[in-house]
Amino acid sequence: MEEEEKLEKMPMPLALMLPSSSSSKVRGVKSSSRKLEFAEIKKHFGVKITEVAKNMNVGLTHLKKRCRELKIMRWPHKKLKSLNSRGNWS
């Protein structure tokens, strides 16, 4: 009986008090987890990766993981910007 009384007096964790739909918003997790294709990602190579993630409504980590799966080890924004500024890119 004493254990039950102790459990009743303990504060409830915040995660249990929040409705399930808002818990992802509290943590800042993006809801979209769609499978990104190479052609779709390639269109955005000239933009910073953080902006691309926001525009595509996916998390930065999700985008980076998908890029690694597609053998894109580094985001090419800076390289393309450098080539464009030198006039080496047609």
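F38, F45 and W75 form one aromatic cluster. The model is a predicted one, in which local features need pLDDT of at least 70 and side-chain atom pairs count only at pLDDT 80 or more, while totals for chains, interfaces and linings use all residues. Residues are numbered from 1 along each chain as its sequence is written, and side-chain values use heavy atoms, with hydrogens and water left out.

The structure holds two aromatic pairs, a pair being rings of Phe, Tyr and Trp (its six-membered ring) whose centres lie within 6.5 Å, with planes under 30 degrees apart counted as stacked, over 60 as edge-to-face and the rest as tilted. F38 and F45 make an edge-to-face pair, at 6.2 Å centre to centre and with 80° between the planes. The ring centres of F45 and W75 lie 5.3 Å apart and their planes stand at 90°, so this pair is edge-to-face. It links distant parts of the chain, since F45 sits in the loop between α4 (38-42) and α5 (49-56) and W75 in the loop between α6 (60-69) and α7 (77-86), 30 residues apart; helices here (H or I, at least four residues) and strands (E, at least two) are DSSP runs, numbered from the N terminus.

F45 is buried at 14% relative accessibility and W75 is buried at 17%, whereas F38 is partly exposed, with a relative accessible area of 36%.

Two packed helices are described by the angle between their axes and the distance between the axes. For α5 and α6 the angle is about 105° and the axes are 9 Å apart, the axes being lines fitted to C-alpha atoms, for helices over the stretch in contact, with angles running from 0 to 180 degrees between N-to-C directions. The two helices, α5 and α6, are therefore roughly perpendicular to each other, where under 35 degrees counts as roughly parallel, over 145 as roughly antiparallel, 65 to 115 as roughly perpendicular and the rest as oblique. I49, T50, V52 and A53 of α5 and L60, L63 and K64 of α6 make the contact, which means heavy atoms within 4.5 Å.

On α6, the buried residues are L63, R66 and C67. They cover an arc of only 105° around the axis, which puts them on the same side of α6; the arc is that of the directions from the helix axis to the C-beta atoms. What covers these buried residues includes α4 and α5, while the face of α6 turned away from its buried side carries the exposed T61 and K65.

Notes:
Buried means under 20% relative accessible area, exposed over 50%, partly exposed in between (1.4 Å probe, protein chains only).
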